[in-house]
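Hello,

Here is the structure I promised to pass on. Please look it over before you read my notes below.

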Amino acid sequence: MLKITAIGNLTNDVELKMNETTGKPYAILRIASDRRYKDKDGNKLTDFISIKVRGPLAERCAEFAWKGCKLAASGDFETITFEDEPERQPGFLIKASEVEFLSPRKVEETAQELEDESVREVAA
């Protein structure tokens, strides 16, 4: 069994898509992760990792993740090739079975939840 975990910052907002065959939601997340060391010229090195999430996990990611948030994703490792571009190097993606959000919720979401909670308390 091969399992990989990657931690990084989301490079763009999550775009939820539907699988044409199954009708189930999925999304491709892309995170950026800086290496702990620099190149010989002192430049920071950054890796970009693609992560595929499906079903309810994809829906949760679309709801709670945003560009710049930090997350950790774990799952299987899948090699991808580009048949239409044979000169392009093969890549990989993580087929995530787990995603953990490491950034605090956005300020607007927290404020809205507090407002909703106070309205419920007044109504009760």
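**Surface, fold and pocket**

The protein chain exposes about 9200 Å², and carbon and sulfur atoms supply 49% of that area. Keep in mind that this is a predicted model.

Leu2 sits in the segment before strand 1 (4-10). Its relative accessibility is 53%, and exposed means over 50%, so Leu2 counts as exposed.

Now the fold. The protein chain has two helices and six strands. Read from the N terminus, the order is β-β-β-β-α-β-β-α. The chain has 124 residues, of which 24% count as buried. Take the contacts in the protein chain with a separation of 6 or more: 57% of them join residues 24 or more positions apart.

Then the largest pocket. It holds about 170 Å³ of space. Its lining consists of Arg30, Phe48, Ile49, Ser50, Ile80, Phe82, Arg88, Gly91 and Phe92. Strand 4 (44-54) and strand 6 (91-101) each supply at least two residues of that lining. Which strand gives the largest share of the lining? Strand 4 does, with three residues.

One residue links two of these points.

Best wishes

Technical notes. Residues numbered from 1 in each chain as written. Predicted model: local features only at pLDDT ≥ 70, side-chain atom pairs only at ≥ 80, totals over all residues. Heavy atoms only, no water. Helix = DSSP H or I, 4+ residues; strand = E, 2+ residues; numbered from the N terminus. Buried < 20%, exposed > 50% of the residue type's maximum accessible area, 1.4 Å probe, protein only. Contact = heavy atoms within 4.5 Å. Areas by Shrake-Rupley, 256 points an atom, 1.4 Å probe, with all protein chains shown as cover. 1 Å grid on protein atoms, 1.4 Å probe; cavity = no way out; pocket = protein on both sides within 12 Å on 5 of 7 lines; lining within 4 Å. Points joined across faces, edges and corners; volume = space filled by probe spheres on them.
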